[in-house]
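Please look over the sequence and the model shown below before reading on.

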Amino acid sequence: MTVSEYAIRFSELARHVPILVCTIREQVCRFIEWLNYDFKICMARELQADIPFQQVVDIARMLERVRSEEKEAKEAKRSRNSGGFSGFSSADMSHHGRGSSSQSA
């Protein structure tokens, strides 16, 4: 589920149980509590500050976008590097480097 989907679902559910999120701070804490671990760690500061709920959602969306861009960059780098190696194959290595001569004595 994306952060946007989660925020919509969270808001829908919060309307039905207002006692659990009766203050903005409680709403922010509960929202962050159910984010994935990496996002939760990155948003520890938001738990301490009096930040509006929508701003917390925007920060989580930004984190999601940055993580997605990092993942795409890693995948692009991996695909660029995967076809360019011109060393020995594993079959070549099985015939070389064992310390024995390939000629009979």
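## Basis of the values

This is a predicted model, in which local features need pLDDT of at least 70 and side-chain atom pairs count only at pLDDT 80 or more, while totals for chains, interfaces and linings use all residues. Residues are numbered from 1 along each chain as its sequence is written, and side-chain values use heavy atoms, with hydrogens and water left out.

## Overall make-up

The chain has 6 helices and 0 strands, where helices (H or I, at least four residues) and strands (E, at least two) are DSSP runs numbered from the N terminus. Read from the N terminus on, the order of elements is α-α-α-α-α-α. Of the 105 residues in the chain, 20% are buried; buried stands for under 20% relative accessible area, exposed for over 50%, and partly exposed for values in between (1.4 Å probe, protein chains only). Among contacts between residues at least 6 apart in sequence, 53% join residues at least 24 apart, a contact being heavy atoms within 4.5 Å.

| Helix pair | Angle | Axis distance |
|---|---|---|
| α1 and α2 | about 135° | 11 Å |
| α1 and α5 | roughly 155° | within 9 Å |
| α2 and α5 | about 20° | 9 Å |

Helix α1 covers residues 3–16 and helix α2 covers residues 24–33, and they pack at an angle of about 135°. That angle makes α1 oblique to α2, since angles under 35 degrees count as roughly parallel, over 145 as roughly antiparallel, 65 to 115 as roughly perpendicular and the rest as oblique. The crossing of α1 past α2 is right-handed, a term used if the near helix is turned clockwise from the far one by less than a right angle, with anticlockwise giving left-handed. On the α1 side the contact is made by Val3, Tyr6, Ala7 and Phe10, and on the α2 side by Gln27, Arg30 and Phe31. By class, this contact of α1 with α2 has 5 nonpolar, 1 polar and 1 charged residues; here Ala, Val, Leu, Ile, Met, Phe, Trp, Tyr, Cys and Pro count as nonpolar, Asp, Glu, Lys and Arg as charged, and the others, Gly among them, as polar.

With their axes crossing at roughly 155°, α1 and α5 are roughly antiparallel to each other. Their contact brings Val3, Ser4, Ala7, Phe10 and Ser11 of α1 together with Phe53, Val57, Ala60, Arg61 and Glu64 of α5, and the residues of this contact of α1 with α5 divide into 6 nonpolar, 2 polar and 2 charged.

Helices α2 and α5, by their angle, are roughly parallel to each other, and α2 passes α5 in a right-handed crossing. Here Ile24, Gln27, Val28, Phe31 and Ile32 in α2 meet Phe53, Val56, Val57 and Ala60 in α5, a contact of α2 with α5 that holds 8 nonpolar residues, 1 polar and no charged.

## The nonpolar core

In soluble globular proteins, nonpolar side chains tend to be buried together. The largest nonpolar core in this model has 19 residues, and those with the most contacts inside it are Phe10, Phe31, Ile32, Leu35, Met43 and Val56; such a core is a set of buried Ala, Val, Leu, Ile, Met, Phe, Trp, Tyr and Cys residues joined through side-chain atoms within 4.5 Å. At least two residues of this core come from each of α1, α2 and α5, and the largest share, 6 residues, is supplied by α5. Leaving aside neighbours within four places in sequence, Ile32 is in contact with Lys40, Met43, Glu46, Leu47 and Val56.

## Single residues

Glu46 is found in helix α4 (residues 44–48) and is buried, at a relative accessible area of 2%. Not counting residues up to four places away in sequence, Glu46 touches Val28, Ile32, Ile51, Val56 and Ile59.

Gln27, in helix α2, also counts as buried, at 16% relative accessibility, and with residues up to four places away in sequence not counted, Gln27 touches Phe10, Val21 and Phe53. Gln54, by contrast, lies in helix α5 (residues 53–82) and is partly exposed, with a relative accessible area of 44%.

Note on methods
Axes fitted to C-alpha atoms, helices over the stretch in contact; angles between N-to-C directions.
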